Amino acid sequence: MIALVDCNNFYVSCERVFNPSLNGKPVVVLSNNDGCVISRSNEAKELGIPMGAPTHQIAAEIEKYKIAVFSSNYTLYGDLSNRVMTLLEELSPRVENYSIDEAFLHLHEVDDLQSFGEKVRRVILKGLGMPVSIGIAPTKTLAKIANKKAKKELNLNGVCILETPQQIELALKATKVADVWGIGWNLSKKLMQVNILTAYHYAQAPSSWVRKNMTITGLRTQDELNGKPAIDEENQFTDKKVICTSRSFGILQTELPGLEEAVAYFASTCAEKLRKQNSCAAVLYVFLRTNSFNKNAPQYYPSQTVVLPVATNASNELVHYAVEALRAMYKKGYRYKKAGVIVSEIVKQENVQTNLFDESNREKQTKVMQVFDLLNKKHGTGKLKLAIQGNTSGWVLKRELLSKQASTDWKQIIEIK
């Protein structure tokens with residue numbers, strides 16, 4: 001069985017951790033440059049505030065309903081995400097980061113699934129004040145569906161388990177095909193034209209038709225809906241909102257050069273994935289972890305978040321910022337088990353907002369990366385790479401409503417008077 005742990009209204013919940021007076025009140029968090037709404041509390045949703053609403057268009061509602069508004073505090077969100085993942089790694093030996101607010105747990109040795117789910121929610125809520133919902137099922141796609149049920153159905157108390165054929169069938173029949181992970185609205189319009197309206201209809205469709213019309217990716221989704229695991233860490237859907245590349249080291253790392261090679265590789269891999277889906281990322285997040293299961297060794301779980309001057313998919317640029325972040329948080333004396341790079345705030349390449357003070361030649365950079373990818377495609381993946389990868393396999397954004405970085409900056413630590 002696989003559990004999907006998803007933080008509820010993550011950015012809003014992060015703001016509430018250090019400001020509990022926001023509990024029970026409408027809250028929204030804005031995108032880069034305070035442009036539009038990217039996270040809403042349940043209270044804001046009930047007021048009809050839509051996701052993606054431009055800030056100036058909801059100014060009247062903000063004033064009328066006294067909605068609390070915050071700029072995106074990526075440093076805070078990245079740090080709390082790191083803390084959530086650290087707690088999860090103490091509860092499960094295999095944790096797969098899917099995004100800044102989601103992770104899959106592999107539950108090979110868990111007998112009482114309900115008790116385990118309740119324990120995870122309790123530990124994260126007590127340790128961080130972060131509410132989460134948990135969906136448990138035989139595959140990742142079914143765990144996604146279970147997670148949505150856990151959020152919507154209050155009687156489930158935040159934990160939904162889809163284990164028996166009857167439970168799975170009922171959930172599939174109640175799920176619109178557009179809500180299936182990996183299908184989305186655009187593909188669902190095509191499916192609805194042939195009367196495939198629910199996840200159950202899709203699961204029961206002839207596999208030959210699915211393969212022909214939905215490609216191999218659609219066939220994997222169908223297998224997942226039928227309880228057959230078909231999606232691994234390296235086989236995620238394209239057009240992701242967040243891309244993560246991380247590894248546990250076969251040999252624990254202690255020195256900076258080795259970690260630099262690994263982080264450079266992870267950042268370069270993220271850049272390649274961005275280019276494959278014709279996208280760029282505006283935020284970079286780097287983390288390090290020691291082995292939390294070794295209680296006799298000193299522990300250290302640092303992370304760094306970088307808001308890029310301009311969204312990019314260039315390997316050299318992402319590697320530059322990732323290695324700078326690594327050097328800022330690296331400390332000698334620790335044995336590091338895992339590192340990773342996450343890129344988020346992803347936009348299509350043609351929609352990237354440029355910066356008046358950007359000195360990079362973006363057009364030239366794009367052409368260089370095209371040649372880079374062409375040579376690797378011709379001669380084999382990884383044949384051409386940045387030297388820092390070794391031989392192993394800006395301008396400040398407008399954030400006028402920024403909250404404190406209370407968990408990462410001593411100067412902004414919470415004061416009790």
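Predicted model: local features only at pLDDT ≥ 70, side-chain atom pairs only at ≥ 80, totals over all residues.

Entry: I started with Glu102, which sits in strand S6 (helices, H or I, of at least four residues and strands, E, of at least two are DSSP runs, numbered from the N terminus). Residues are numbered from 1 along each chain as its sequence is written, and side-chain values use heavy atoms, with hydrogens and water left out.

Is Glu102 buried or exposed? Glu102 counts as buried because its relative accessibility is 11% (buried means under 20% relative accessible area, exposed over 50%, partly exposed in between, with a 1.4 Å probe and protein chains only). I then listed what Glu102 is in contact with, leaving aside neighbours within four places in sequence: Leu4, Val5, Asp6, Met85, Asn97 and Lys144 (contact means heavy atoms within 4.5 Å).

**Entry: salt bridges.** Lys144 turned up again, in a salt bridge with Glu102 whose closest N and O atoms are 2.8 Å apart (a salt bridge is a side-chain nitrogen of Lys or Arg within 4 Å of a carboxyl oxygen of Asp or Glu). This pair links distant parts of the chain, with Lys144 in helix H6 and Glu102 in strand S6, 42 residues apart. Both Lys144 and Glu102 are buried.

I found another bridge between the side chains of Lys140 and Glu96, at 2.6 Å from N to O. Lys140 lies in helix H6 and Glu96 in strand S5 (residues 95–99), so this pair ties together parts that are 44 residues apart in sequence. Lys140 and Glu96 are buried too.

Next I checked Glu89 and Lys338, whose side chains meet in a salt bridge at 3.6 Å, N to O. Glu89 belongs to helix H4 and Lys338 to strand S12 (residues 336–348), so the two tie together parts that are 249 residues apart in sequence. Glu89 is buried at 10% relative accessible area, and Lys338 counts as buried at 10% as well. Glu89, Arg289 and Lys338 are linked in a network of salt bridges. How many salt bridges did I end up with by this rule? The count comes to 14.

**Entry: helix H5.** I checked the length of H5 (residues 113–128): its 16 residues should span 22 Å at 1.5 Å a residue, and the end C-alpha atoms are 22 Å apart, which agrees (the expected span is 1.5 Å times one less than the number of residues). The buried residues in H5 are Leu113, Phe116, Gly117, Val120, Ile124 and Leu128. Seen down the axis, they fall within an arc of 100°, so they line one face of H5 (the arc is that of the directions from the helix axis to the C-beta atoms). The face turned away from that buried side carries exposed Arg122 and Lys126. Among the elements covering the buried residues of H5 are strand S1 (2–7), helix H1 (10–17) and helix H4 (74–91).

**Entry: positive phi.** Most residues other than glycine have a negative phi. I noted Lys66, whose phi is near 55°, in the loop between helix H3 (59–64) and strand S4 (68–70). Lys66 is exposed, at 70% relative accessible area. Asn157 also has a positive phi, of about 55°, and counts as exposed at 55% relative accessibility.
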